[in-house]
Amino acid sequence: MTTDNISSSQVNGFDYVIVGGGTAGCVIASRLSEYLPHKKILLVEAGPSDFNDDKVLKLKEWLTLLGGELDYDYGTTEQPNGEFYQHLESHSTLTLN
């Protein structure tokens, strides 16, 4: 079942709640449902549903998803000991040790 919301009457109806639909979360939910088929398992993932959205399956076109509704656009902060960009600026080839 895929849904955008759960009614208040369903909230307490789950035996296990897994937060995060990444690789580990999906594996845990899958294993629980396989080994405990009589239990109700809820897997929660943030963001809008991409269920049946063909554009997320075209991996070579992932850049087209940037800036859209599926892109959280998290910012980053330069790290004081991060030398990656310094290597890029000072060398024509990148060597990571």
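Predicted model: local features only at pLDDT ≥ 70, side-chain atom pairs only at ≥ 80, totals over all residues.
**Entry 1: a charged pair**

Is Lys55 buried, exposed or partly exposed? I looked up its relative accessibility, found 41%, and noted Lys55 as partly exposed.

Next I asked which residue forms a salt bridge with Lys55. The partner is Asp53, and the closest N and O atoms of the pair are 4.0 Å apart. I reminded myself that side chains of opposite charge can pair when their charged atoms come close. Asp53 has a relative accessibility of 19%, so Asp53 counts as buried, because the cut-off for buried is under 20%. I then checked the count for the model, and it comes to one salt bridge.

**Entry 2: the overall layout**

I stepped back to see the order of the elements. The protein has two helices and two strands, and along the sequence they follow the pattern β-α-β-α.

How much of the protein is buried? I wrote down 7% of the 97 residues. The protein exposes about 8800 Å², and carbon and sulfur atoms supply 52% of that area. I also looked at contacts between residues at least 6 apart in sequence: 41% of these join residues at least 24 apart.

**Entry 3: helix 1**

I followed helix 1 from residue 23 to residue 35 and checked its span. Its 13 residues should span 18 Å at 1.5 Å a residue, and the end C-alpha atoms are 18 Å apart, which agrees.

Which residues of helix 1 are buried? I found Gly25, Ala29 and Leu32. They cover an arc of only 65° around the axis, so they sit on the same side of helix 1. I wanted to know what they pack against, and the answer is strand 1 (16-19) and strand 2.

Then I turned the model around. The face of helix 1 turned away from the buried side carries the exposed residues Thr23, Ala24, Glu34 and Tyr35.

**Entry 4: a nonpolar patch**

Val17, Val19 and Val44 make one of about 270 Å². I located Val44 in strand 2, which runs over residues 41-44. Val44 has 35% relative accessibility, so I noted Val44 as partly exposed.

Conventions: Residues numbered from 1 in each chain as written. Heavy atoms only, no water. Salt bridge = Lys/Arg side-chain N within 4 Å of Asp/Glu carboxyl O. Buried < 20%, exposed > 50% of the residue type's maximum accessible area, 1.4 Å probe, protein only. Patch = residues over 30% accessible without salt bridge, like charges linked within 9 Å, V, L, I, M, F, W, Y side chains within 5 Å. Areas by Shrake-Rupley, 256 points an atom, 1.4 Å probe, with all protein chains shown as cover. Helix = DSSP H or I, 4+ residues; strand = E, 2+ residues; numbered from the N terminus. Expected span 1.5 Å × (residues − 1). Arc of directions from axis to C-beta. Contact = heavy atoms within 4.5 Å.
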